[in-house]
Amino acid sequence: MRGWIDDAVRYGNEAGVDPKQVLAVVFNEGGDRADTQLEQIGSGYWDAIREILNPIREATSPTDMGMSLSA
């Protein structure tokens, strides 16, 4: 956990963003966003769509960024 905090401070300072915001985004990216069984089923489809579309976004992005912090 300490490494994540150190990275959040580093990247937040480099980008001029509050490191707490960076860490919040990281936690949200890795969190389970499904509260119900139906949402769990739907989130699988959403993640699959993101994986399919990510190469398109990477190819057309001027900064070569994916759809999430981890891509």
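Biologist: What makes the contact of D6 with R2 a salt bridge?

Modeller: This is a predicted model. In it, the closest N and O atoms of D6 and R2 are 3.0 Å apart. The cut-off is 4 Å, so the pair counts as a salt bridge.

Biologist: Why are D6 and R2 said to be about one helical turn apart?

Modeller: Because they are 4 residues apart in helix α1, which covers residues 2–15.

Biologist: Why is R2 called exposed?

Modeller: Its relative accessible area is 58%. Exposed means over 50%, so R2 qualifies.

Biologist: And what is D6 called, buried, partly exposed or exposed?

Modeller: D6 has 39% relative accessibility. That falls between the 20% and 50% limits, so D6 is partly exposed.

Biologist: How many salt bridges does the structure hold?

Modeller: It holds 2. E14 and R10 also meet in one, at 3.2 Å from N to O. Both lie in helix α1, 4 residues apart.

Biologist: Why does E14 count as exposed, and R10 as partly exposed?

Modeller: E14 stands at 55%, over the 50% limit, so it is exposed. R10 stands at 44%, between 20% and 50%, so it is partly exposed.

Biologist: Which residues form the nonpolar surface patch?

Modeller: I49, I52, L53 and I56. Together they have about 380 Å² of accessible area.

Methods:
Residues are numbered from 1 along each chain as its sequence is written. This is a predicted model: local features need pLDDT of at least 70, side-chain atom pairs count only at pLDDT 80 or more; totals for chains, interfaces and linings use all residues. Side-chain values use heavy atoms; hydrogens and water are left out. Patches are made of residues with over 30% relative accessible area and no salt bridge: like charges are joined within 9 Å, nonpolar side chains (Val, Leu, Ile, Met, Phe, Trp, Tyr) within 5 Å. Accessible areas come from the Shrake-Rupley method with a 1.4 Å probe; for residues, only the protein chains shown count as cover. A salt bridge is a side-chain nitrogen of Lys or Arg within 4 Å of a carboxyl oxygen of Asp or Glu. Helices (H or I, at least four residues) and strands (E, at least two) are DSSP runs, numbered from the N terminus. Buried means under 20% relative accessible area, exposed over 50%, partly exposed in between (1.4 Å probe, protein chains only).
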